[in-house]
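Please look at the sequence and the structure side by side. The text after them goes through the model part by part.

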Amino acid sequence: MKHAAEFTSPPQDYNLVVPDEWFQLQLDPDDRDRGIIALAERTFRGVDNAPHLRDQFMRDLQRKAKDAYKVGGIELYLSTLTIGPVPLASSLLISLPAPGEWPKCEDADELAEHLAGGDVGEEAELGVVDLAMAGRAVRHRHREAPDPAAQMGNTLPTTNVTYYIRIPATKSWLLLNFSTPVGPLADQMVELFDTVSGTLHWA
């Protein structure tokens with residue numbers, strides 16, 4: 001594997017290591033319906049007499065996938081982790097915004113300064129970090145009020161961690177947007193998010 005600084009031409013792809021219990025949903029319209037059906041079957045396996053819940057789950061996921069695709073979403077990971085009967089809900093959206101939808105910042109320090117000038121959110125942490133192979137990145141952690149219509153019925157405050165990583169030899173940025181409504185375990189979930197981000201590397 002090459003470090004980001006070693007690239008003299010744009011990488012062809014990226015790779016990331018995620019927990020086995022995270023379900024990968026492709027956001028391309030030609031592929032996402034198969035993934036939504038597969039996740040619904042997995043989620044409601046062994047649950048009888050709940051077709052309305054399954055249908056609502058699929059509608060909510062379809063809406064979430066469409067919204068993510070519109071903002072440059074490439075992949076969406078949804079956690080199926082549990083502790084006993086308690087689900088450890090979380091998600092990871094990987095996106096590549098269009099050049100015209102993103103500020104023209106040359107590096108992570110400049111982007112962090114730009115973001116600091118706006119509304120960074122409640123209890124926010126904003127700074128620049130070094131990822132082992134992917135290079136310098138902006139890390140932004142904050143909480144936001146729930147939006148049940150956009151968050152599949154969630155009514156709990158959400159902890160978000162977004163990594164903004166400059167793609168080597170380009171002016172584009174890759175975004176890793178992690179989210180969890182599991183407030184009491186937010187710090188532990190964020191540790192997991194940071195670990196996953198640290199595995200990002202270019203290919």
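What follows treats the helices, then the strands, then the aromatic rings.

This is a predicted model, in which local features need pLDDT of at least 70 and side-chain atom pairs count only at pLDDT 80 or more, while totals for chains, interfaces and linings use all residues. Residues are numbered from 1 along each chain as its sequence is written, and side-chain values use heavy atoms, with hydrogens and water left out.

Helices and strands are DSSP runs numbered from the N terminus, where a helix is H or I with at least four residues and a strand is E with at least two. Helix α2 covers residues 51-70. The expected span of a helix is 1.5 Å times one less than its number of residues. After α2 comes G72, whose phi is positive, near 90 degrees.

Buried means under 20% relative accessible area, exposed means over 50%, and partly exposed lies in between (1.4 Å probe, protein chains only). In α2 the residues F57, D60, L61, Q62, A65 and A68 are buried. A contact means heavy atoms within 4.5 Å. The buried residues of α2 pack against β2, α1 (32-43), β3 (73-79) and β6. M58 also belongs to α2. Leaving aside residues up to four places away in sequence, M58 touches I36, I37 and A40. M58 and D194 are 136 residues apart in sequence, and their C-alpha atoms are 29 Å apart in space.

Helix α3 has A108, L111 and A112 among its residues, and these are buried. Seen down the axis of α3, the buried residues fall within an arc of 100 degrees, so they line one face of the helix. The arc is that of the directions from the helix axis to the C-beta atoms. The cover over the buried residues of α3 includes β7, β8, β9 and β10.

Helix α4 has 12 residues and reaches 16 Å from its first C-alpha to its last, close to the 16 Å expected at 1.5 Å a residue. Its buried residues are A186, M189, V190, F193, V196 and S197. Down the axis of α4 they fall within an arc of 115 degrees, so they line one face of the helix. The face turned away from this buried side carries the exposed residues E191 and T195. On the buried side, the residues of α4 pack against β2 (22-26), β7 (122-131), β8 (135-144), β9 and β10.

Now to the strands. Two strands pair if DSSP finds at least two bridges between them. Strands β7 and β8 run antiparallel and are joined by eight bridges, and a hairpin connects β7 to β8 through three residues. In this pairing V128 stands opposite V138 in β8. Eight bridges also join β8 to β9, and these two strands run antiparallel. Here H140 stands opposite T162 in β9. Seven of the 10 residues of β8 are buried, so this strand is largely enclosed by the rest of the structure.

Which residues does T159 touch? T159 lies in β9 (residues 158-166) and is buried, with a relative accessible area of 4%. Not counting residues up to four places away in sequence, T159 touches R141, H142, R143, F178, S179, T180, A186 and V190.

The aromatic rings come last. Rings of Phe, Tyr and Trp (its six-membered ring) pair if their centres lie within 6.5 Å; planes under 30 degrees apart count as stacked, over 60 as edge-to-face and the rest as tilted. By this rule there are five aromatic pairs. One of them is W102 with Y164, stacked at 5.5 Å centre to centre and 25 degrees between the planes. This pair links distant parts of the chain, with W102 in the loop between β6 (91-95) and α3 (108-116) and Y164 in β9, 62 residues apart. Both W102 and Y164 are buried.

F178 and F193 form another stacked pair, 4.8 Å centre to centre with 20 degrees between the planes. F178 is in β10 (residues 173-180) and F193 in α4 (residues 186-197), 15 residues apart. F178 is buried, with a relative accessible area of 0%, and F193 also counts as buried at 0%. W22, F178 and F193 form one aromatic cluster.
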